[in-house]
Amino acid sequence: MTQRRSLVLGCGAYLPARVVTNDELAKTVDTSDEWIRQRTGIRERRFAAEGELTSSMATTAAQGALDMAGLNAKDVDLIVCATATPDETFPSTATRIQSNLGIERGAAFDIQAVCAGFIYALAVADNFLRLGQAETALVIGAETFSRILDWEDRTTCILFGDGAGAVAMRAATANGSAREPGLLSTHVYSDGRHHDALYVDGGPSSTGTVGHLRMEGREVFRHAVVRMSEAIDAALEANNLTPGDIDWLVPHQANLRIIDAMARRLNLPQDRVVVTVDRHANTSAASIPLALCEAVHDGRVQRGDLIMMEAMGGGFAWGSALLRW
């Protein structure tokens, strides 16, 4: 029996030019390169330049995805942008990207699930494509977290960076086999009881300010390993697969300890885990597409490989996606 499936045909990425090392941060923040590396695995991160926006970074990443896919922007009839740092309160950053690319049809909107945003955006776009409500989609994760950090809070300001990643997707027919290329399934969850563990203390209806990021690191770590493990199990069960079938783990890049814990649970060797947190830090919704794009473009990920993606962020919101490249 044939069915519609979302094929990922290309990916693109953008990182700001400015590299900020741990040593540079240590000049203004009470921290050190050793302290940061031991706790997070981060060596450096990228910060957007003045005038560089979430939408401009996202546009470059999106164009890269289209170029790799061999698609024209005019082919796109859906843009879903995952971001917690939009250009403006409204309109959506996705509509800015749509305009930048010269697209004048279809729908464009934002998804806000913080670090889990890219998984959520994949789920939404996949449903559009499967149901025939769109044919060609851009799914983007883009963030400028450097602009919501409290530079007097050394436990959080060291963790984040800026960047954007995107994938170009198109609907195709498949027979339902997990061996065929495409997005096999997505699984998303949330639990609002944990708001105070990771949030921004501002917003239009609460304070009228942008606010700063606040986090209880130990609480987030404790939940992250459990929740993301559950999401991975759900993806494998839904597709009658086992951890041994996974070729690549492309996790949210929040903390090297969490990434290592997930790899051990899946019994995956380190050379089958895509890690960029050391160079990108946590880029929230952008982290998974940035990591995926790096592994695709350097040749590690090959057509036919099975890719597990997982993430957890503020809310708490978390999820997984299983992709046959």
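This is a predicted model: local features need pLDDT of at least 70, side-chain atom pairs count only at pLDDT 80 or more; totals for chains, interfaces and linings use all residues.
Q: What kind of aromatic pair do phenylalanine 47 and tryptophan 151 form?
A: The structure holds four aromatic pairs. In the one made by phenylalanine 47 and tryptophan 151, the ring centres are 5.7 Å apart and the planes meet at 70°. Planes over 60 degrees apart count as edge-to-face. The angle of 70° therefore makes this pair edge-to-face.

Q: Is phenylalanine 47 buried or exposed?
A: The cut-off for a buried residue is under 20% relative accessible area. Phenylalanine 47 has 6%, so this residue is buried.

Q: Which strands do tyrosine 189 and tryptophan 318 tie together?
A: Here is another aromatic pair, with 5.9 Å from centre to centre and 20° between the planes, which is stacked. Tyrosine 189 is partly exposed at 32% relative accessibility, whereas tryptophan 318 is buried at 5%. The two residues are 129 apart in sequence, so their pair ties together strand 8 (residues 182–190) and strand 13 (residues 317–324).

Q: Which arginine lies over the face of tryptophan 35?
A: Two arginines are worth a look on screen. The charged end of arginine 272 sits over the ring of tryptophan 248, 4.6 Å from its centre. Over tryptophan 35, at 4.4 Å from the ring centre, lies arginine 154.

Q: Why do the buried residues of helix 4 line one face of the helix?
A: In helix 4 (residues 93–100), the buried residues are Thr93, Ala94, Ile97 and Gln98. They pack against helix 3 (54–69), strand 4 (78–82), strand 5 (107–111) and strand 6. Looking down the axis of helix 4, these buried residues line one face because they fall within an arc of 145°.

Q: What is the relative accessible area of glycine 141?
A: Glycine 141 is in strand 6 (residues 136–144). Beyond its sequence neighbours up to four places away, this glycine touches residues including Ala82, Phe118, Gly163 and Pro289. Glycine 141 is buried, with a relative accessible area of 0%.

Technical notes. Residues are numbered from 1 along each chain as its sequence is written. Side-chain values use heavy atoms; hydrogens and water are left out. Helices (H or I, at least four residues) and strands (E, at least two) are DSSP runs, numbered from the N terminus. Buried means under 20% relative accessible area, exposed over 50%, partly exposed in between (1.4 Å probe, protein chains only). Contact means heavy atoms within 4.5 Å. Rings of Phe, Tyr and Trp (its six-membered ring) pair if their centres lie within 6.5 Å; planes under 30 degrees apart count as stacked, over 60 as edge-to-face and the rest as tilted. A charge sits over a ring if NZ of Lys or CZ of Arg is within 6 Å of the ring centre and within 35 degrees of the ring normal. The arc is that of the directions from the helix axis to the C-beta atoms.
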